[in-house]
Amino acid sequence: MIKTKLVGLLATASIAFSLPALTHQSLAQTPTASDIAGVASVVDGDTIEIHGTRIRLSGYDTPERGKRCGDMNVYQKAAFVLSDFIGARTVICKPQETDRHGRTIATCAAGGIDLGSHMVRSGWGRDWPRYSEGKYADDERVARQSEAGLWGLTCEAGLWSGRNYD
């Protein structure tokens with residue numbers, strides 16, 4: 001009985017540790033001269049700061065400030081999910097442009113895993129094809145089908161800011 005449980009636990013752990021590499025989009029782990037790299041502070045579910053540079057993560061969106069589902073502050077929860085994923089790892093960002101708020105727009109990764117892919121696949125963000133060209137569409141489909149994160153909540157329809165995600 002104990003041996004059976006131990007084998008089951010080891011198999012589950014093995015699968016869990018291999019899933020991120022198999023399910024999330026990977027990015028280069030070595031920064032180039034034009035990249036922004038360092039320890040990131042999470043501002044919200046789709047914005048970070050590295051060395052004083054505010055970075056809007058490209059191609060996906062998360063609930064805006066004040067969004068709630070019952071007692072859950074989903075704006076804050078999305079930020080915690082991103083923060084927990086990044087941890088103390090170095091984040092490498094590939095800048096694309098600057099938005100109207102002066103933020104650098106970039107695709108970023110921690111441990112070689114695209115932050116947008118992680119957030120959308122975990123259900124705390126959604127693909128924004130207008131900016132992603134569908135880059136995270138598969139991640140969103142997986143999250144919706146498995147009812148991950150926001151997609152598993154009964155009030156998910158009212159959590160997005162009313163933006164056009166087409």
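Modeller: Happy to! Let's begin with a term: buried means under 20% relative accessible area, exposed means over 50%, and partly exposed lies in between, using a 1.4 Å probe and protein chains only. This is a predicted model, where local features need pLDDT of at least 70 and side-chain atom pairs count only at pLDDT 80 or more, while totals for chains, interfaces and linings use all residues. Residues are numbered from 1 along each chain as its sequence is written, and side-chain values use heavy atoms, leaving out hydrogens and water.

Now to the bonds themselves. A disulfide is a covalent bond between the sulfur atoms of two cysteines; here the cut-off for calling one is a pair of cysteine sulfur atoms within 2.5 Å. The structure has two of them.

One joins Cys93 to Cys108, with 2.1 Å between their sulfur atoms. The torsion about their S-S bond is about 115 degrees, so this disulfide is right-handed. Cys93 sits in strand β8 (residues 90-98) and Cys108 in strand β9 (residues 104-110), 15 residues apart. Strands here are DSSP runs (E, at least two residues), and helices are runs of H or I with at least four, both numbered from the N terminus. Both Cys93 and Cys108 are buried.

The other disulfide links Cys69 and Cys155, S to S 1.8 Å. Cys69 belongs to strand β6 (residues 68-69) and Cys155 to the segment after α5 (137-146), so the bond ties together parts 86 residues apart in sequence. Cys69 counts as buried at 12% relative accessibility, whereas Cys155, at 25%, counts as partly exposed. With the bonded cysteines numbered in sequence order, the pairing reads 1-4, 2-3.
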